[in-house]
Amino acid sequence: MPLRELTENEVTQLGSTPSSAPVATVTSVPGAGKRKSPFTEGQTKDAGFAVRMLSAIDSMENLTNSGFNPTNLYDVLVENLPLIPDIAENYLLSSKYQQFRRASNDFAQAQLRKETGAQINESEMDMVNMLYIPMPGDTTETLQAKADARRDAAAAMRASAGEAFTEAQKAVDKSRDNRVSIGPDEAMTELLKRAQKDPELRARMRERGLINE
């Protein structure tokens, strides 16, 4: 119950005078209590999934609108050749295909986390890929249907999150605004610093000819 100053009548009834009435002071202590989120745990999780899905969709559509063909058979074959090490595979894959693959994987994982809530297995990823992700051999109609399905799935996730989505998107936008962009020289300097304390990173940089020892 909040404290208030006594009225004159109340002071008189207590046998005191207004000037001598005790005054209660309430001091607010910053951080004394944690603000309770107005959203449920489910809404908060769905908001995170929705943000990831919409971001992935934007990346995928930006790439395809730039002329990239996600069903490029060469890239898909390279990715699925069993004898190519992962590091070499990344070098052989086109830059845009790598970006598209990352975005499509993020979309699929966000969608599956909602449905499974646990670790995602390979068969589940294959199922989502068949439903949402462009594959070699897909017709123009199938590619459009998959694009529509991605948008529908993201819209449903956003609706499930309610206003929690707005808060999550604001947090992501703020993080991006505060991100510091560094050039290649600064990036290399930072890598060299890390390599001094990380033998594995130092060895990988030496293999690629980035450092000489």
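1. A word on the ground rules. Residues are numbered from 1 along each chain as its sequence is written, and side-chain values use heavy atoms, with hydrogens and water left out. Because this is a predicted model, local features need pLDDT of at least 70 and side-chain atom pairs count only at pLDDT 80 or more, while totals for chains, interfaces and linings use all residues.

2. The overall fold. The protein has ten helices and zero strands, in the order α-α-α-α-α-α-α-α-α-α from the N terminus. Helices (H or I, at least four residues) and strands (E, at least two) are DSSP runs, numbered from the N terminus.

3. Surface and contacts. The protein has 213 residues, and 25% of them count as buried; buried means under 20% relative accessible area, exposed over 50%, and partly exposed in between (1.4 Å probe, protein chains only). The exposed surface comes to about 15300 Å², with carbon and sulfur atoms supplying 53% of it. Areas come from the Shrake-Rupley method with a 1.4 Å probe, and for residues only the protein chains shown count as cover. Among contacts (heavy atoms within 4.5 Å) between residues at least 6 apart in sequence, 54% join residues at least 24 apart.

4. Ala56, in helix H2. Ala56 counts as buried because its relative accessibility is 1%. Leaving out residues up to four places away in sequence, Ala56 touches Ala103 and Phe107. Phe100 is 44 residues away from Ala56 along the chain, yet their C-alpha atoms are separated by 8.6 Å.

5. Arg52, also in helix H2. With 28% relative accessibility, Arg52 counts as partly exposed. Asp106, Gln109 and Ala110 are the residues that Arg52 touches, not counting those up to four places away in sequence. From Arg52 to Ala108 the C-alpha distance is 9.8 Å, across 56 residues in sequence.

6. Asn129, in helix H6 (residues 122-132). Ala108 comes up again here: its C-alpha atom is 7.1 Å from that of Asn129, with the two residues 21 apart along the chain. Asn129 touches Ala108, Met135 and Lys146, again not counting residues up to four places away in sequence. Is Asn129 buried or exposed? It is buried, because its relative accessible area is 16%.

7. Thr71, in the loop between H2 and helix H3 (73-80). Although it sits in a loop, Thr71 counts as buried, at 17% relative accessibility. Its side chain makes a polar contact with the side chain of Asn69 at 2.7 Å. A polar contact is a pair of N or O atoms within 3.5 Å; within protein, one must be able to donate a hydrogen and the other to accept it, and residues adjacent in sequence count only if both atoms are side-chain atoms. Beyond neighbours within four places in sequence, Thr71 is in contact with Pro134, Met135, Pro136 and Leu143.

8. The second largest pocket. About 260 Å³ of space lies in this pocket. Its lining has 14 residues, and those closest to the centre are Thr64, Pro70, Leu143, Ala147 and Arg150. Helix H2 (41-65) and helix H7 (140-161) are the elements that give two or more residues to the lining, and H7 gives the most, with five. On a 1 Å grid over the protein atoms alone, a cavity is a set of points where a 1.4 Å probe fits but cannot get out, whereas a pocket is an open set with protein on both sides within 12 Å along at least five of seven lines; lining residues have an atom within 4 Å of a point. Grid points are joined across faces, edges and corners, and a volume is the space filled by probe spheres set on the points.
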